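Please read the explanation below with the sequence and the model side by side. It goes through the chain one part at a time.

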Amino acid sequence: MIRKYRPSDLETLRQITAICFEGVSIDKNIEDRFGIINELDWKQRKMPHINDDVEANADGVFVAEIDGEVAGYITTYVNHRTKIGGIPNLSVHPDFQQRGLGTQLIETALVYLEEEGMLYARIETLDQNQIGTEFYPKMGFVEIARQVHYIRPL
């Protein structure tokens with residue numbers, strides 16, 4: 001079942017994020033290269049993104065639930081000026097993957113974005129995210145560009 005986000009979901013969504021973004025997070029890549037920065041590991045930098053997504057658009061956050069347990073989520077943003085909405089974060093806990101929840105979450109987000117007047121939906125992933133690079137095109141997303149992320153110590 002896909003439902004609207006509830007404030008009581010927040011910590012669970014943060015924990016699912018920490019599990020699912022282990023090998024596909026820019027913050028994890030930075031840590032692998034330079035170590036922990038300012039006593040904050042990559043999870044402590046990535047998990048607050050969910051807080052930000054909820055604060056920006058709680059109405060556009062959807063939760064997958066199986067037998068009363070939160071199994072995954074998707075967050076969205078809308079831009080009424082450009083009419084391009086986005087999906088900043090999508091995760092399904094590994095215990096619940098391969099059940100079609102990612103598809104259901106994407107479909108729910110796309111309906112929501114369309115209802116909000118968006119003409120396009122944008123999603124990003126890292127090249128190293130094999131699940132995303134295979135899944136998003138199956139969901140109708142078309143690759144537009146590749147971006148390289150750089151960092152340097154100061």
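Valine 111 is partly exposed, because its relative accessible area of 45% falls between the 20% limit for buried and the 50% limit for exposed. This residue of the predicted model lies in helix H5, which covers residues 101-115. Between the C-alpha atoms of valine 111 and glutamate 39 there are 40 Å, and along the chain the two residues are 72 positions apart.

Glutamate 39 belongs to the loop that runs between helix H2 (26-34) and H3. Its relative accessibility is 75%, so glutamate 39 counts as exposed. The backbone of glutamate 39 has a phi near 60 degrees, which is a positive value in a residue other than glycine.

Aspartate 67 is another residue with a positive phi, about 50 degrees, although it is not a glycine. Aspartate 67 sits in the loop between S2 and S3, and these strands form a hairpin with two residues between them. With a relative accessibility of 81%, aspartate 67 counts as exposed.

S1 is joined to S2 by three bridges, and the two run antiparallel; here arginine 3 stands opposite valine 63 in S2. Strand S2 (residues 62-66) is in turn joined to S3 by five bridges, again antiparallel, with alanine 64 opposite glycine 72 in S3. S3 then pairs with strand S5 (residues 90-92) over three bridges, also in the antiparallel sense. In that pair, tyrosine 73 has serine 91 of S5 as its bridge partner.

How many of the six residues of strand S3 are buried? Five of the six are buried, so strand S3 (residues 69-74) is largely enclosed by the rest of the structure.

H1 covers residues 10-20, and its buried residues are Leu13, Arg14, Ile16, Thr17 and Ala18. In an α-helix, residues three or four places apart point the same way, because there are 3.6 residues a turn. The buried residues of H1 pack against S2, S3 and S5, and also against helix H3 (42-46) and helix H4 (48-57).

Two packed helices are described by the angle between their axes and the distance between the axes. For H1 and H4 the angle is about 135 degrees, and the axes are 8 Å apart. H1 and H4 are therefore oblique to each other, and H1 passes H4 in a right-handed crossing. On the side of H1 the contact is made by Leu10, Leu13, Arg14 and Thr17, and on the side of H4 by Pro48, Ile50, Asn51 and Val54. Sorted by class, the contact of H1 with H4 has five nonpolar residues, two polar residues and one charged residue.

Key. Residues are numbered from 1 along each chain as its sequence is written. This is a predicted model: local features need pLDDT of at least 70, side-chain atom pairs count only at pLDDT 80 or more; totals for chains, interfaces and linings use all residues. Side-chain values use heavy atoms; hydrogens and water are left out. Buried means under 20% relative accessible area, exposed over 50%, partly exposed in between (1.4 Å probe, protein chains only). Helices (H or I, at least four residues) and strands (E, at least two) are DSSP runs, numbered from the N terminus. Two strands pair if DSSP finds at least two bridges between them. Contact means heavy atoms within 4.5 Å. Axes are lines fitted to C-alpha atoms, for helices over the stretch in contact, and angles run from 0 to 180 degrees between N-to-C directions. Angles under 35 degrees count as roughly parallel, over 145 as roughly antiparallel, 65 to 115 as roughly perpendicular and the rest as oblique. A crossing is left-handed if the near helix is turned anticlockwise from the far one by less than a right angle, and right-handed if clockwise. Ala, Val, Leu, Ile, Met, Phe, Trp, Tyr, Cys and Pro count as nonpolar, Asp, Glu, Lys and Arg as charged, and the others, Gly among them, as polar.
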